[in-house]
Amino acid sequence: NINGPGSRVTIQNNIASTRGGGIFLRNGLVRVENKGTLYITANVALQSHGGGLLFSDSSLMRVHGYDSTATFAQNRAGGDRGGGFSTESGSSQISITGGASFFVSSNTASNHGGGGAIAAKSGIFSDSDSDVMFEGNTARRGDGGALAVTAGSYARLEGTSQFVRNVATNG
């Protein structure tokens with residue numbers, strides 16, 4: 001729980017041999033609230049997905065409240081999808097509400113979802129008061145430079161959402 005002004009957590013320069021370079025979250029909860037800040041930067045998942053963070057088994061990230069921020073930057077998924085973040089088994093969710101900000105920039109995936117990949121009946125949601133930006137992410141051999149969303153999953157972004165200079169070889 002990252003809660004309150006001055007509360008800041010940085011996950012940086014970590015390497016996982018398979019998946020979840022910065023964090024592997026299984027059936028867990030990450031909350032960034034009340035002007036808290038989370039930076040997940042320069043992490044690598046060498047052989048699989050979720051360069052910065054991998055959500056598994058109904059995990060939840062909740063970013064809530066004005067001046068609360070989660071940033072995924074310069075992470076890399078070396079073997080598959082979701083350079084910045086990725087979901088796998090079981091209905092995980094990222095929720096950005098109440099004026100919070102969610103930034104995903106300069107991440108790279110070997111295949112799909114340079115910025116992020118949503119799969120396994122999971123989703124990303126932002127309300128009308130929140131800001132979401134995907135900028136400068138790259139999917140080297142797949143779809144979704146900014147974000148890849150597979151069948152049965154969802155991306156519902158209601159607030160200010162910007163997709164700028166993201167690149168994918170297939171679309």
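Two residues are in contact when heavy atoms of theirs lie within 4.5 Å of each other. This briefing applies that term to a predicted model.

- Opposite F55 stands T87 in β12.
- As a general point, the strands of a sheet pair through backbone hydrogen bonds, in either a parallel or an antiparallel manner.

- The parallel strands β9 and β13 are joined by 5 bridges.
- L60 has Q93 as its bridge partner in β13.

**The largest nonpolar core**

- The largest nonpolar core has 25 residues, of which L38, M61, F72, F85, I94, F102 and I124 touch the most other members.
- Two or more residues of this core come from each of β5 (29–33), β6 (37–41), β8, β9 (60–64), β10 (69–73), β13 (93–97), β14 (101–105) and β18 (131–135).
- Apart from residues up to four places away in sequence, F72 touches I40, L53, M61, G84, F85, F102, F103, V104, S105 and N107.

**Aromatic pairs**

- The structure contains 5 aromatic pairs.
- In one of them, the ring centres of F85 and F102 are 5.9 Å apart and the planes stand at 65°; planes over 60 degrees apart count as edge-to-face, so this pair is edge-to-face.
- F85 belongs to strand β12 and F102 to strand β14, so the pair ties together parts that are 17 residues apart in sequence.
- F85 counts as buried because its relative accessibility is 0%, and F102 counts as buried at 0% as well.
- The rings of F85 and F134 have centres 6.5 Å apart and planes at 55°, so this pair is tilted.
- Since F85 lies in strand β12 and F134 in strand β18, the pair ties together parts that are 49 residues apart in sequence.
- F85 and F134 are both buried.
- One aromatic cluster is formed by F72, F85, F102, F134 and F163.

- H49 is placed in the loop between β7 (44–45) and β8 (53–56).
- With a relative accessible area of 5%, H49 is buried, because the cut-off for that term is under 20%.
- The side chain of H49 makes polar contacts with two side chains, that of S48 at 2.8 Å and that of E88 at 3.1 Å.
- When its neighbours within four places in sequence are left aside, H49 is in contact with T18, R19, G20, L54, A77, D80, R81, G82, S86 and E88.

How values were computed
Residues numbered from 1 in each chain as written. Predicted model: local features only at pLDDT ≥ 70, side-chain atom pairs only at ≥ 80, totals over all residues. Heavy atoms only, no water. Helix = DSSP H or I, 4+ residues; strand = E, 2+ residues; numbered from the N terminus. Buried < 20%, exposed > 50% of the residue type's maximum accessible area, 1.4 Å probe, protein only. Polar contact = N/O pair within 3.5 Å; in protein donor to acceptor, adjacent residues only side chain to side chain. Pairing = 2+ DSSP bridges. Core = buried A, V, L, I, M, F, W, Y, C linked by side-chain atoms within 4.5 Å. Phe/Tyr/Trp six-rings, centres within 6.5 Å; stacked < 30°, edge-to-face > 60°.
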